[in-house]
Each structure stands twice: as structure tokens, then as C-alpha cells.
Amino acid sequence: MKKILIINGHPNPSSFNFGIAESYLKGVIASGAEVEIITIASLNFNPNLQFGYQKRTELEPDLLESWEKIRKADHLVWIHPVWWGGLPAITKGFIDRLFLPGMAYQYRENSVWWDKLLTGKTAHIITTLDQPGWYYRLFYGRPSVNQLKKSTLEFCGIKPVKVTYIGIIKTATDFQREKWLQKVYDLGLKNK
């Protein structure tokens, strides 16, 4: 049975991203797959990688539990908005604190190369925008996707990583939002 982990990176529980996470969750439950969820905003942790990589900061219990969920999952579903072209600060802090050398990857001694410690997992990024997805890709080069997909997930061995853009959020009608929620439910039902 496929083990799916939903990681909700929006800090506001009344956001549309929470509705997206709930729709995906319902789809997975209907499929019969095993599912867990991490709501980053609900975790108790310091998102600041205070000493960089010079000194390891002990992981708080919520981060240890989150890492165990990531470690056990076959498929990670990241849900987040795009703000200023990037990830919300709390989501970036979650990644900074958890995707560490020795856990997510390991540099080889006296080498520029590294070992990818999260191979065998797949991922799907579902991201909301206040512009069309094609515009974000074409004119901005999709920086949040490059950061999460290429520079984090694939760097650590997770692939393939699919991307779904949802937007334009700010001008969406209730009808359009319902269509998006159905689309996300279907993705969850298919475990994609």
C-alpha cells in the first residue's frame, strides 16, 4: 500500500490551501492508501537555521516526528502558495531545519558530489498563484518550483516531482474554486 504524506505549507488555516489539502486528503482516503499530514504552521519549532551548517541545532519534537513521517512516506505532496516568487517563510524554515546533511543528503569526503538519501520517493507540488501558471513559468522562471523541486527534492533523490499550478486565486469564482478542489480530490484519489 502506498504511503502518502501531505505537507501543507500555508501559515493561515482559513486559506484556500487548507481546502486544497483537505480535498487531496479526502481523495487519498477514498483510494484506500495510507496517508498522513503535516501542517507546518501547527508545528512548534524555530524556523531559523541559526548556525547554518557550522553547528547542528537540536531538532524539536515536532520536527523529529515530521522527519519520521517524511522518512516513511513513498510520495510527498507539497501544498503552498507562491509569495514574492518563493515559498512562505515558515515552509522555507521547515526545509532548512529538516533537509540536513546526514538526513536528506550527504556530501562525499573531499568531493563536490553527494549521496542522495531520499531516493525511492516521489513528490507532487501543488502551488497556488495570483497569476496564470504559464505566466509564472515564462516570465519569472518559476523560482519557487526550481527551489523546491530541483534544489531540494531532486537534490535529495526524490523523483519524479510533478507540479500542478492553481490560479489565478485572487479573481477566482466559487465555481472555479470548486473545480480546482475536485481536480485535487482526483489527484488524491489516483495517489498522484
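Reply: The end C-alpha atoms of residues 2-173 lie 34 Å apart, and this span is 34% helix and 22% strand. Helices (H or I, at least four residues) and strands (E, at least two) are DSSP runs, numbered from the N terminus. This is a predicted model, where local features need pLDDT of at least 70, side-chain atom pairs count only at pLDDT 80 or more, and totals for chains, interfaces and linings use all residues. Residues are numbered from 1 along each chain as its sequence is written, and side-chain values use heavy atoms, with hydrogens and water left out.

Me: What makes residues 2-173 a named span?

Reply: An unreviewed UniProt entry annotates them as "domain: Flavodoxin-like fold". UniProt positions are given in the numbering used here, feature names are shortened, and annotations may be inferred rather than shown by experiment.

Me: Why is T39 called buried?

Reply: Buried means under 20% relative accessible area, exposed over 50%, partly exposed in between (1.4 Å probe, protein chains only). T39 has 19%, so T39 is buried. T39 lies in strand β2. Beyond its neighbours within four places in sequence, T39 is in contact (heavy atoms within 4.5 Å) with N8 and F18.

Me: And why does N191 count as buried?

Reply: The relative accessibility of N191 is 14%, so N191 counts as buried. N191 sits in the segment after α6 (174-189). Leaving out residues up to four places away in sequence, N191 touches K2, I4, Y24, V28, S31, A33 and H75.

Me: How does the reach of α1 compare with the span expected?

Reply: The expected span is 1.5 Å times one less than the number of residues. Helix α1 (residues 16-31) has 16 residues and reaches 23 Å from first C-alpha to last, close to the 22 Å expected. Its buried residues include F16, F18 and Y24. The buried residues of α1 pack against β1, β2 (34-39), β3, β6, β7 (161-166) and α6. After α1 comes G32, with a positive phi near 90°.
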